[in-house]
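Reader: I'm new to this one. Could you walk me through how to read it?

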Amino acid sequence: CLRAFPGPDRATPRSGRVSGLAWGGPTPSVCLRRCARVATVADRVAAVVAPAVEALGLRLYDVEHTGSAVRVLVDRDGGVDLEAVTKASRAVSRALDEADPIDAAYTLEVSSPGLERPLRTAEHFAAAAQRRETVRFKTKPGVEGDRRFDGTLTKVDGDGVAVRLPDGSERELRYDEIERARTTFEWGPAPRPGKAQHGRQEANR
């Protein structure tokens, strides 16, 4: 996954942004559902930056607000590269400077969701179900059953999800019972040293 941290904007020094580029993965947050309620910082940021992101041919995947950090996740079919993330970072920074939806100092990060992406909305879960991806769940304290488990989604609706577990059983969860969920990526086994060395010897013959 790719991240871009926009440089400090002199027009709005209170934003407290940091400069530089870094590689890494997004940290999932615990917000899984945005119901009819008072708009949060993440809601206000999403409303401001979505048009700027879409103007670049990208899709706003999610906005996370944790402490003083605001993380904007962008995506598109086929994934995004560093150049696209950098352009999105500049556009998002300009949009936030103009609208000023955040009252306190914050650090802005613009990133791709990554291979193992957080799932927070019904749309996120529906997309993971369509791709038949394995999802890693952590439920909130007090929810019946194991708190941590993996499974594939068999049903997604407005209230929650159904998950098929590795043993073939099925478990249903409401969105408000899920503390964290993300897709998992199966990395292939690394080649054995002996085979890699043998391949190099064959190539040198």
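Reader: How many salt bridges does the structure hold?

Author: This is a predicted model, and it holds 17 salt bridges. Take the one between E109 and R71, with 3.1 Å from N to O. It links distant parts of the chain: E109 sits in strand 5 and R71 in strand 4, 38 residues apart.

Reader: Is E109 buried or exposed?

Author: The cut-off for buried is under 20% relative accessible area. E109 has 6%, so it counts as buried. R71 is buried too, because its relative accessible area is 15%.

Reader: And which residue does D77 pair with?

Author: D77 forms a salt bridge with R59, the closest N and O atoms being 3.7 Å apart. D77 lies in the loop between strand 4 and helix 2, while R59 is in strand 3. With 70% relative accessibility, D77 counts as exposed, whereas R59, at 39%, is partly exposed.

Reader: Which residues touch the most other members of the largest nonpolar core?

Author: The general idea is that in soluble globular proteins nonpolar side chains tend to be buried together. Here the largest nonpolar core has 21 residues, and V45, V70, V72, V92, L108 and V110 touch the most other members. Helix 1 gives the most to this core, six residues.

Reader: Where does helix 1 kink?

Author: Look at V48: a kink of about 35° lies there, shortly before the proline P51. Even so, the end C-alpha atoms of helix 1 are 20 Å apart, which agrees with the 20 Å that its 14 residues should span at 1.5 Å a residue.

Note on methods. Residues numbered from 1 in each chain as written. Predicted model: local features only at pLDDT ≥ 70, side-chain atom pairs only at ≥ 80, totals over all residues. Heavy atoms only, no water. Helix = DSSP H or I, 4+ residues; strand = E, 2+ residues; numbered from the N terminus. Expected span 1.5 Å × (residues − 1). Bend = angle between axes of the 7 residues up to and from the residue. Core = buried A, V, L, I, M, F, W, Y, C linked by side-chain atoms within 4.5 Å. Buried < 20%, exposed > 50% of the residue type's maximum accessible area, 1.4 Å probe, protein only. Salt bridge = Lys/Arg side-chain N within 4 Å of Asp/Glu carboxyl O.
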